[in-house]
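This briefing sets out selected features of the structure shown below, grouped by topic for quick reference.

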Amino acid sequence: MNGLAAATTDALELLIAGDAKLFGIVGLSLEVSLSAVFLACVLGLPLGAAIAVGRFPGRRSVIVALNALMGLPPVVVGLLVYLMLSRAGPLGSMGLLFTPTAMIFAQTILVVPIVAALSRQVVEDAWQEFHEQLRSLGVTRMGASITLLWDLRFSLLTIVLAGFGRAAAEVGAVMIVGGNIDGVTRVMTTTIALETSKGDLPLALALGIVLVAVVLALNAGAYVIKEAAERRYG
Amino acid sequence: MMDAPSLLPLQLRDVVFVAGHRRIIDGITVEFAAGTRTLMVGPNGAGKSVLLRLCHGLLTPSSGRVAWNSTPATKAPGTPRRQAMVFQRPVMLRRSALANIVYALQAAGYPRAEHLDRAHAALQRVGLVSVARHSARVLSGGEQQRLALARAWAIEPEVLFLDEPTANLDPGATHEIEAVIEAMHQAGTKIIMVTHNLGQAHRMGDEILFIHRGRIAECSPAERFFKHPATSEAAEFINGELPW
């Protein structure tokens, strides 16, 4: 236990000193994961809403597939993106492998199913309540899905956070497509994995503390916003 | 919109609606003319609400025809929608009372420039101007139902369908709702309303449609229906003897 106490003290010193290397890693992590979540929402929210209000053959299979994709192993996604972006792959000429862009790409693939599957569920529940009224007003299914996404914006915030949690916490995909290159593609999770195996526990622990703190702060913020919105809008 | 040809009369011919193996509407032929207030009464499960939805276009008949005098029930592009429905439980979007009406005007196809004026006027008519900026979902049940009526009225429908609009309300709120419906009727809107409340049917109905087991058992002026019902089912229903 002495090791843990000593590592914690050193970790806090790194944080307080504002260690440049540490904050560089934190900055890149946030950049990659927030970009991925943003892209995943742009794709996943309309997709989820469209499936929720849509009627088309194979709808049930699509829902089951989408739900299953939520459990997609990050290393598998990393491997697939690696194969696509590697020299010999279909997108190899773009030269994206081992760049932050590749990491954003991989995390987006991981987060889209979460955002789409969970928003599908939330929008479909609301659709049960609203569909007669909206159809009576002459709103098309397309219009209804946009209306419901906006109407449910505060509930969807929780889903966005779930997506962010997934992106920020995964190691496998960013490790494979980013390559964990010092100063270029090294993010919090890959650094923690590397430094722990090297025995540099203070840096690993400091990053662990930041990672947990960021996730906690975002969730607290979202909770406060949701509470206030529910009081105001009912 | 007054220049457009009238939607009415609305004609139903041999309309049947089957759900599962049950014929919920079992061959209804009826015509709804302009002007009068038609009230549909009948025991639970008689098919009143389904009939209303068939008329409004929310359900499609399994067989038979629902035909408006002019344009089809669905909105033709570029023309404002001219029929509206108010449900038993008002459903409001998470936005202000005013914005809920603006939303309906937009969906109905009214030009953007008219939205605010029309919405304000509609709130005025139902006495909800003071809560225009309040979120619609935090209003009381009675206020929400009045807002639903304002939302329907804003698009100046030629026909208004109502499905037990006062079933969840106390007598005070019920009275207010009835007053708004009456005002809409005075303004020229055809009223077609389902109710469980015979007192209400008596107060508000010009014409009573008595629905029993998916068929129209009786269709007559309100006065005659309550004094001299033509069928034994109607007589039993009025006397509260029909089991439901």
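In chain A, 80% of the contacts with a separation of 6 or more join residues 24 or more positions apart. The model is a predicted one.

**Chain A**

- Chain A contains 10 helices and 0 strands, and its elements, read from the N terminus, run α-α-α-α-α-α-α-α-α-α.
- Along the principal axes, the C-alpha atoms of chain A fill a box of roughly 65 × 50 × 25 Å.
- Chain A has 234 residues, of which 40% count as buried.

**Nonpolar core**

- The largest nonpolar core has 136 residues. Those with the most contacts inside this core are A:Val81, A:Ala106, A:Val115, A:Val177, B:Ile101 and B:Ala150.
- Helix 5 of chain A (residues 100–136) supplies the largest share of this core, with 18 residues.
- Apart from its neighbours within four places in sequence, B:Ile101 is in contact with B:Ala119, B:Ala122, B:Leu123, B:Ala150, B:Arg151 and B:Ala154.

**Sheet of chain B**

- In chain B, 6 strands form an open sheet with mixed pairing, in the order 5-6-7-3-8-9.
- Strand 5 (83–86) and strand 9 (215–221) of chain B are the edge strands, each pairing on one side only.
- From one strand to the next, the twist averages 15°.
- Strand 3 (residues 37–41) and strand 8 (residues 207–212) of chain B pair in the parallel sense over 4 bridges. Opposite B:Thr38 stands B:Glu207, in strand 8 of chain B.
- Helix 5 of chain B (residues 171–186) packs on the sheet, where it touches strand 3, strand 6 (159–163) and strand 7 (190–194) of chain B. The direction of this helix makes about 145° with that of strand 7 of chain B.

**Interface between the chains**

- Contacts between the chains involve 16 residues of chain B and 14 residues of chain A.
- On the side of chain B that touches chain A, the elements giving two or more residues are strand 5 and helix 2 (97–108) of chain B.
- Helix 2 of chain B gives the most to that side, with 3 residues.

Notes. Residues numbered from 1 in each chain as written. Chains lettered and ligands numbered in written order. Predicted model: local features only at pLDDT ≥ 70, side-chain atom pairs only at ≥ 80, totals over all residues. Pairing = 2+ DSSP bridges. Axes fitted to C-alpha atoms, helices over the stretch in contact; angles between N-to-C directions. Contact = placed C-beta atoms within 7 Å. Core = buried A, V, L, I, M, F, W, Y, C linked by C-beta atoms within 7 Å. Buried ≥ 20, exposed ≤ 12 C-beta atoms within 10 Å, placed from the backbone.
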